[in-house]
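Please open the structure in your viewer and keep the selection panel at hand. The tour below goes from one selection to the next.

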2 protein chains.
Amino acid sequence: MSAQDDTTTQTPDEGTGPRYARIQKILESRLRDGTYPVGSLMPTEIELAAEFDTSRFTVREALRHLTETGFVERRQGLGTRVISTEPQMRYSQTFDSLQELFQVAVETYYVVMHTEEVVLDKALAEVVGGKAGETWTRVEGVRWTEPGGRPLAFIESYVPARFAKYVPEFQGHQGAFFSLLESHSAVPIDECEQEISAAPMPEKAQRYLGLAPGAIALQLLRRYHSSEGVVIASCNWHPAEQLSYKMHIKRNRGQG
Amino acid sequence: MSAQDDTTTQTPDEGTGPRYARIQKILESRLRDGTYPVGSLMPTEIELAAEFDTSRFTVREALRHLTETGFVERRQGLGTRVISTEPQMRYSQTFDSLQELFQVAVETYYVVMHTEEVVLDKALAEVVGGKAGETWTRVEGVRWTEPGGRPLAFIESYVPARFAKYVPEFQGHQGAFFSLLESHSAVPIDECEQEISAAPMPEKAQRYLGLAPGAIALQLLRRYHSSEGVVIASCNWHPAEQLSYKMHIKRNRGQG
DNA sequence: TCGCGGTAAATGTATGGACATTAATGGCAG
DNA sequence: CTGCCATTAATGTCCATACATTTACCGCGA
């Protein structure tokens with residue numbers, strides 16, 4: 001309700017383009033100016049439809065775009081929660097496809113090199129998404145094109161203690177861990193954060209992968225979440241020449 | 001129409017979950033087995049609705065998911081074109097937001113270090129998305145936090161000859177090039193490909209950025225496309241410690 | 001031959017309604 | 001106090017329908 005800067009009268013009737021796009025712009029401006037604070041629930045579809053004098057369908061289109069753009073998160077039975085006041089790289093995907101999306105894990109084989117229990121210190125807890133003092137299992141391994149084939153990546157994985165009993169299953173597993181853990185423990189995995197960065201290849205990884213000192217790695221840190229927290233955190237080191245991340249960003253037509 | 005492997009009878013009535021999801025799975029399997037080849041047009045919404053004995057709305061939901069997953073591309077007046085037989089990292093976004101998405105370019109300043117004309121050889125043509133033999137302008141520069149501030153990245157940009165006249169505008173520009181080119185030339189930019197990889201920091205970049213030899217870079221190759229082809233290709237080298245790419249991948253609830 | 005305009009066909013936008021599914025809530029029984 | 005259950009409210013799914021907008025295409029005229 002700030003009186004300043006109100007050149008944008010809050011009606012979807014001005015401007016051009018589809019109505020849902022105009023409503024979307026209004027809602028975005030409200031998100032930015034704090035009308036709908038982060039963490040709060042936005043008005044319901046019915047309320048917004050009434051406010052903008054339009055149908056629920058049109059409001060849903062606007063909200064769908066806000067979801068795809070990473071501003072809000074919607075849950076059946078709950079509502080529309082504000083998660084950001086600016087767009088995010090957020091990628092929505094069905095689960096089976098998600099597994100295929102992480103190309104490297106599919107049709108490749110994992111070999112466990114080393115396993116140990118660790119108590120999380122503060123720094124490690126932050127990385128894996130756990131709490132300091134908890135006991136987790138740390139697994140070192142290498143992913144291969146095929147058993148006895150060419151090594152692809154060095155992987156360090158962390159799982160909470162309650163999943164430790166499934167770790168032996170990792171040995172020789174084809175595919176991603178998270179699907180294995182999910183099927184064995186019946187804990188559904190809802191989302192995954194991924195952080196891509198560049199880093200020197202760790203010394204141990206150089207040995208396992210047969211690389212010269214000074215090798216460069218594309219480093220992928222992934223945290224797989226169930227509703228109760230992180231189920232697996234893994235850090236993958238891929239030789240820089242062997243992996244790159246391609247994205248295709250497409251402009252929505254007609255919204256200039 | 002392969003007779004083998006036909007455990008999936010092609011009706012959406014089996015299985016559980018929403019009907020559009022079942023239809024989506026059937027369509028995905030057809031994409032994979034070549035029933036709808038890459039480059040071809042899929043049946044229209046009306047035809048699919050008739051085949052699956054459902055409404056156009058439900059078919060649209062299935063196709064919307066295929067679009068978000070990167071299998072197909074839809075154009076009003078044309079149809080649904082198959083662009084891939086497996087899911088892709090495809091990110092749809094409005095344009096204003098896209099600029100914000102490429103965080104680094106916003107509220108930073110670009111300084112041109114060097115400009116020259118180059119004739120594309122075959123390898124370079126492939127990288128920038130042009131044709132061998134064409135003349136492009138190559139621009140070297142550095143992006144800074146503020147004029148005279150801290151250097152953030154070394155950037156090598158290529159623009160086709162017809163845009164060369166706008167290159168002087170790059171000097172001291174705040175924001176991304178593509179928005180500058182777009183506003184000056186009135187050529188709308190539809191999409192952007194991005195490839196993220198790890199690489200050694202080029203020697204020239206080490207000098208410009210004041211880094212020690214052996215520094216590691218997160219390398220971003222971007223191609224901005226208009227309908228007529230690549231408008232800008234740029235390769236950015238960021239010090240590995242200063243940049244990472246975070247993604248949030250969310251599972252569609254209720255599709256196990 | 002070239003360009004212009006009309007037409008058909010496809011997706012895009014929008015309405016209004018109905019019912020399903022999920023999640024929080026509060027009350028009741030143990 | 002705890003646990004189960006009915007209620008309520010929100011989004012999710014689905015229908016039939018209409019019109020708008022974009023694109024490809026064909027034919028006509030200059």
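**Salt bridges, then the DNA**

Over all chains the count comes to 24 salt bridges, a salt bridge being a side-chain nitrogen of Lys or Arg within 4 Å of a carboxyl oxygen of Asp or Glu. This is a predicted model, in which local features need pLDDT of at least 70, side-chain atom pairs count only at pLDDT 80 or more, and totals for chains, interfaces and linings use all residues. Residues are numbered from 1 along each chain as its sequence is written, chains are lettered from A and ligands numbered from 1 in the order in which they are written, and side-chain values use heavy atoms, leaving out hydrogens and water.

Select Glu140(B) and Arg138(B), whose side chains meet in a salt bridge with N and O 2.6 Å apart. Glu140(B) is buried, with a relative accessible area of 1%, and Arg138(B) is buried too, at 11%; buried means under 20% relative accessible area, exposed over 50% and partly exposed in between (1.4 Å probe, protein chains only).

In chain A, select Glu116(A), Arg138(A), Glu140(A), Glu156(A) and Lys204(A), which are linked in a network of salt bridges.

Now show DNA strand C, which 23 residues surround, Arg19(A) and Ser55(A) being among the closest; a residue counts as near when one of its heavy atoms lies within 4 Å. Sugar and phosphate make up 71% of the atoms of DNA strand C that come within 4 Å of the protein.
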